[in-house]
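Me: I am new to this structure. Can you take me through some of the terms, one by one?

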Amino acid sequence: MDQATAQALKEALAGADVADLERLDPAVLQTFHPWARGKPVVGVFRYRHGEDALHLLVIDWNARKPGNHYLVVFGDPGGVPLMESHKVADGKLLWRYAPKSRDGRNEERQEQFAGVMGSVDVELPLPTGPTDVSALLDAVVKLVEARKAARDVGADDQGEAPVAAVAWIFQANPRYFDLAAALGTLNELQWRVNQHLDRIKPGHRVFLWQSGKNGGVLALGTILTAPATLAPMQQEQPFVLDAEALPPTPMLGVRVRIDEVLDEPLDRETLREDPRLASLGFLRASQGTNFPVTDAELGALLDLASGSRPPRTVKIAPGEEGRYWDDCLSGGYICVGWDEVGDLHQYRDKHAFRDVFRKHFRYGGNEPTVAKKSNELWTLRELRPGDLIVANRGMSEVLGVGRVLEPGYAWNAKRPEYKHTVRVEWDTSSARRIPKQPYWGVVTVCDVPVELFSAIISKPKAEEPGPAASTTFAKLCASLQEAGLSYSEEVVSAYLLALQAKRFVIVTGISGTGKTQLAITVAEQLGSGARRKTIAEIPKTATRFIVQPYSLKYNRLVLPRALAAELGLTEAGAQWSPSEIEVVWPGGKEQLSAGTYKNASTLLFKGPFRRWFQTTFSIGDPFYVDLEEVSEGGGQRLRFGVPKKVEREVEEPPRVAVVAVRPDWTDNRGLLGYYNPILQQYVTTEFLRLLLRARDEAQAAKRENRTPEPYFVILDEMNLARVEHYFSDFLSAMESGKEMDLHDDDDVESGEKSDADPIPKRLGVPPNLFFTGTVNVDETTYMFSPKVLDRAYVLELNLVDLAGFSATGVAGEGEGQARFACTDMPQPLRAERPPRSEDWEELGTLLEGQLRRVVIDLHRLLEAHSRHFGYRVANEIGRFVALASEQSTGGADTAEILWAALDLAVLFKVLPKLHGTQQELEELLASLFTFAATIDFDASVKPESAYAGWSVDRDRLVADPESGHTRPWLPRTAAKLLRMARRLERQGFTSFIE
């Protein structure tokens, strides 16, 4: 299909109101079959039907041939395509079933397929809009099921030995037949047989499975008859839901005696958790009706059905912040809320329970959330004696580990709340802090992975002594002092907290206060130095390589010019003129072709060497190539080797880049570089190289399950050019998590250019990269737009303490002011996640909600003047205060720290967007000042009286001795508002950045 048709198909799928159809991120292509990887993507969708899912990919199969867009359908992401087509005629997508097995039974398969579809040539209706999508999806499902059924022809000849099957899983579709209801009434059922006719025997055991999201094994039975033609059974008719959709009768089937109806269904996840069922074919491909079960699998299924499943481990939070933990520990139980639904024993099954749960807890009409939360509570009823429970507080504290006792779940009506309980024998020997588990912050009950539980119950490893956070903070302040900078601990702490909360800080103030030097000193202190790490060591004479995608895909290696010159491969020509090069590697030797074409010298892989390279290395692995003299007969050869891995102290490449912004920047090329179409090369910058190193470090840290080291970019004189012109892509990427486009050259991306590092086509902003922009304001600079200020923290450095500077080099705190210091800063510095609504919710829990009420009242005051802020700023204020609460101790009590953090957050996030004339701002500034000083919401304050009795000392508001004023609530914010008001009075215009 052409590009326009493909785009229309994507838009129809994306806009359709179809249950269980969801749009996926294109990055999911990396999990699909190699045929799909690397193709330009138009759209990726997943359609769930019952327990199964189909993945629909609209992709450009060959970008060099126009009109070559395909619709490709996969079942499992790692499998082969179930359908792929690009031919269109009369508004329909054409596809032909043409099996290519070599067993001589393809005609039978085509007859089977045509018996269902009417023909081997299929026409799929292409939707003209979102309302037509259901017809396409139904046609795709029917096609896929027909193809799978046809593929089963001759299954017994493909390795499924008849003697291996001793039991069966029979599947029912809840759209056509209510199996659960039938099992409550009938002792026998008839079951259609669509596969394995000659293998299903009387006496075989059978597990009756109902598909769908609430499905599972519902009952056990015994096959009574051999497959034969059966007339409809009248007793079953009340449970038939869609007779027209069923295949015509009479049917080919068997009679099944119901031996046992299970109290709880055995769902798919339960089966997958049992290692004895790892090879159960039903779990890999559940399209069909009849599935064989081996002898070993039968034993596992019977164990699970009788309750002999492996112990389950779940984490359960005993109330917000573990507030019921003391009750649980002393009483020998765990408890959770959702009391409105009552005793879980009253519900027949999970489906009936969820209907009631939905009535009490709607979660804004978000059905997936309702399902997830109801599953959390239902887990308590599924727990059995011997299961394990981890009690947690927050995301990083284990309170205890317990074993479930008889009777397991119990409804405790005597408790005032949190009446759902499970009887537990507790052990607190594993109580400890663990690495943060972000998912624990949004769920009450969830399964605990085996690796995490092993880490929880194992004895903590003795960690190598390292610098304590407080020592690191002290060293940082000492480094600033050595650099001749006079900053209070509060200023340094505020800068560090702002970096963690947002990763983008604008530092402004009068010239000469050391704004750039502050950013550089902090970055160098936190972003450099040696550390112990495992490195790949190579011989001194060898050349080090990193495996690039093109080497594995195209079986070749681009040689550096110096190495190519020594091999005599320096002549570039219009035609490929290869030479034979001897290559040796561990265990082998071979002659390979090498030559130069279009300024790139390339070695081509083949034979045993190619197999060795493909099986030894993965993308990103290091290897080395050494040039050797051949003793017999002279000449040279290349020796390939795998580096030895050694652990040693290494000095890392710089993790800091200082970028001087130029006035002529009108796009992002000054930062990201650009693609030169004439040279067909990418021109890089120091900033781009740092960005790639930060990305590599973040990826390595994820693989090694550690926190990545931080990288820093300082944009000096950031407003010499318009920030929106050269930095908007970064602001968008940081907010959305999306990638920025760099180029479209496959060779540049693969690194298949001589002496050139690979540059990706798209690149995101890694989570360990921190930005600081320094600002001076004069006639040569540009002011920031509100959308830029809204996406940054703005830190002002105007205080010059010459007395403190000459005495100690470090500014002190004013008299009576609490010490606010970031002594518990994390090591290494990190921004764990972007601010989000949970931070706003957490702000409401601090100081009994006082702080959040202040922000709400401030918002109301600004709203009256149409200057209010959005949800993003509210979340960022909450995040800043939460980080301050976690990291700042320094002798001040909790309330002092929290109020100081709120003051700074309002100063950094709310005030920077205020600018305007006297007519616009005079009344607003007076009201804001009064509010910051007194927390008194009064929108009618008179400007001439608002500021009486107040003055500014060391960037904080203080009351004059005779004024009768009390201590201001937000002294930093109020001091800035007073300075802005005075400037407004003098000049008729004011702004935050002076």
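Reply: Start with one cut-off: buried means under 20% relative accessible area. Keep in mind that this is a predicted model. Strand β30, residues 622-629, is mostly covered, with 7 of its 8 residues buried.

Me: Why is Arg503 called buried?
Reply: Its relative accessibility is 11%. The cut-off is under 20%. Therefore Arg503 counts as buried.

Me: And what makes Asn555 buried?
Reply: Asn555 has a relative accessible area of 17%. That value falls under 20%, so Asn555 is buried too.

Me: Where are Arg503 and Asn555 found?
Reply: Arg503 is in the loop between α13 (489-502) and β23 (504-508). Asn555 is in the loop between α15 (549-554) and β26 (556-559). Each has a positive phi without being glycine: near 70° for Arg503, near 55° for Asn555.

Me: How do you know that β25 and β30 pair?
Reply: Pairing takes at least two bridges. Strand β25 (residues 543-546) is joined to β30 by 4 bridges, so the two strands pair. They run antiparallel. Arg544 stands opposite Tyr624 in β30.

Me: What makes β30 and β31 a pair?
Reply: They share 6 bridges, and at least two are needed, so they pair. The sense is antiparallel, and β31 covers residues 636-641. Here Val625 stands opposite Phe640 in β31.

Me: Which residues does the cis peptide bond join?
Reply: Gln827 and Pro828, with omega about -5°. Pro828 lies in the loop between α23 (802-807) and α24 (837-843).

Note on methods
Residues are numbered from 1 along each chain as its sequence is written. This is a predicted model: local features need pLDDT of at least 70, side-chain atom pairs count only at pLDDT 80 or more; totals for chains, interfaces and linings use all residues. Side-chain values use heavy atoms; hydrogens and water are left out. Buried means under 20% relative accessible area, exposed over 50%, partly exposed in between (1.4 Å probe, protein chains only).
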